[in-house]
Amino acid sequence: MRYDVTVRLSEDQIRRYAETGYLLFEGLLDTAEVEALRAALPEVMSRTGPEVIREQDGAGAVGVRDAPLLRTVSPAVAAAADAEPVRQLLTDEVYLHQSRLNPKEGFGSGARWDWHQDYSAWQRVDGMERPDCIMASVFIDDCTVERSPLLVIPRSHRHGFIDSIELHRDAKGYSLYELDRDTVARLADENGIEPLIGGAGTVALVDCNLIHGSANNISPWRRAILYLIYNACGNACTNGDRPWFQNHRDFTPLQAIEDTALAEG
Ligand SMILES: O=C(O)CCC(=O)C(=O)O
């Protein structure tokens with residue numbers, strides 16, 4: 001299946017997404033599209049703006065959050081952003097709430113992410129009323145078990161927003177809102193834990209209340225993922241306190257673009 005504007009999810013896929021909280025599409029982007037994304041990385045990672053969040057020791061960048069700019073870096077990114085399946089799942093027009101690039105370099109410099117729900121920060125800080133938001137994870141590199149893939153607790157989104165967190169005031173990003181360990185242990189015992197693995201070009205669509213995290217990447221290999229966070233236009237955030245790279249304020253619906261733009265990327 002290609003990541004193009006004509007793709008429509010089947011009833012079975014929509015049902016599975018509602019049931020498990022995620023869908024995985026192996027090899028959705030072809031080699032040329034993956035190469036276009038890889039080629040965009042050095043420029044993005046060398047930026048000096050506040051949108052690049054570095055490791056504690058200043059070594060590698062852990063995240064670039066830049067909704068509008070990532071879309072201009074590469075036509076492949078822009079095309080990947082205009083996803084019909086996301087409109088189908090949210091039954092609304094969508095805009096990009098955030099884009100994040102997590103390079104997760106090897107030899108331990110790609111730090112761990114504690115167990116969390118992405119919606120936690122958006123509800124608490126950005127005034128996002130409902131969890132009508134999807135995290136599309138675009139695998140720029142192979143995500144194997146050795147490279148600390150995303151780990152998800154399937155079906156955990158069905159518990160909705162879990163207001164039971166360990167607040168780490170000195171932590172960054174979602175680690176600030178680590179879920180309390182008893183809750184994670186109980187839901188993992190009930191549902192298991194699954195790694196989202198696949199070759200470069202795989203795309204996962206993940207419900208924003210699905211509990212997930214990842215370990216340190218001690219392998220020698222990079223494991224870059226581009227995260228595109230789609231919010232339903234009817235669910236636009238009401239609080240604009242956070243800066244543009246964390247809470248994008250342009251609620252214009254994404255326009256479908258032709259699939260050929262991917263190949264031309
Ligand atoms: O890229 C990872 O390993 C984790 C990222 C994550 O959990 C997130 O962006 O919410």
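**Briefing: the ligand site and a helical salt bridge**

Sorted by class, the shell around the ligand has 4 nonpolar, 4 polar and 4 charged residues. The model is predicted, and the distances and areas below are computed from it. In this model 12 residues surround the ligand, and the closest are Arg100, Asn102, Ser214, Arg223 and Tyr227.

**Polar contacts to the ligand**

- Arg100, one of the closest residues to the ligand, places a polar side-chain atom 2.5 Å from an oxygen atom of the ligand.
- Arg223, also listed among the closest residues, has an N or O atom in its side chain that is 2.8 Å from an oxygen atom of the ligand.
- Asp118 likewise contributes a polar side-chain atom, which lies 2.9 Å from an oxygen atom of the ligand.

- The largest cavity of the structure is the space that the ligand takes up.

**Salt bridges**

- Across the whole structure, a search finds 14 salt bridges.
- One of these joins the side chains of Arg15 and Asp12, with a distance of 2.6 Å from N to O.
- Arg15 and Asp12 both belong to helix α1 (residues 11-20), and because they are 3 residues apart there, about one helical turn separates them.

Terms used. Residues numbered from 1 in each chain as written. Predicted model: local features only at pLDDT ≥ 70, side-chain atom pairs only at ≥ 80, totals over all residues. Heavy atoms only, no water. Near = heavy atom within 4 Å. Polar contact = N/O pair within 3.5 Å; in protein donor to acceptor, adjacent residues only side chain to side chain. 1 Å grid on protein atoms, 1.4 Å probe; cavity = no way out; pocket = protein on both sides within 12 Å on 5 of 7 lines; lining within 4 Å. Sits in = over half its atoms within 2 Å of the grid points. Nonpolar A, V, L, I, M, F, W, Y, C, P; charged D, E, K, R; others polar. Salt bridge = Lys/Arg side-chain N within 4 Å of Asp/Glu carboxyl O. Helix = DSSP H or I, 4+ residues; strand = E, 2+ residues; numbered from the N terminus.
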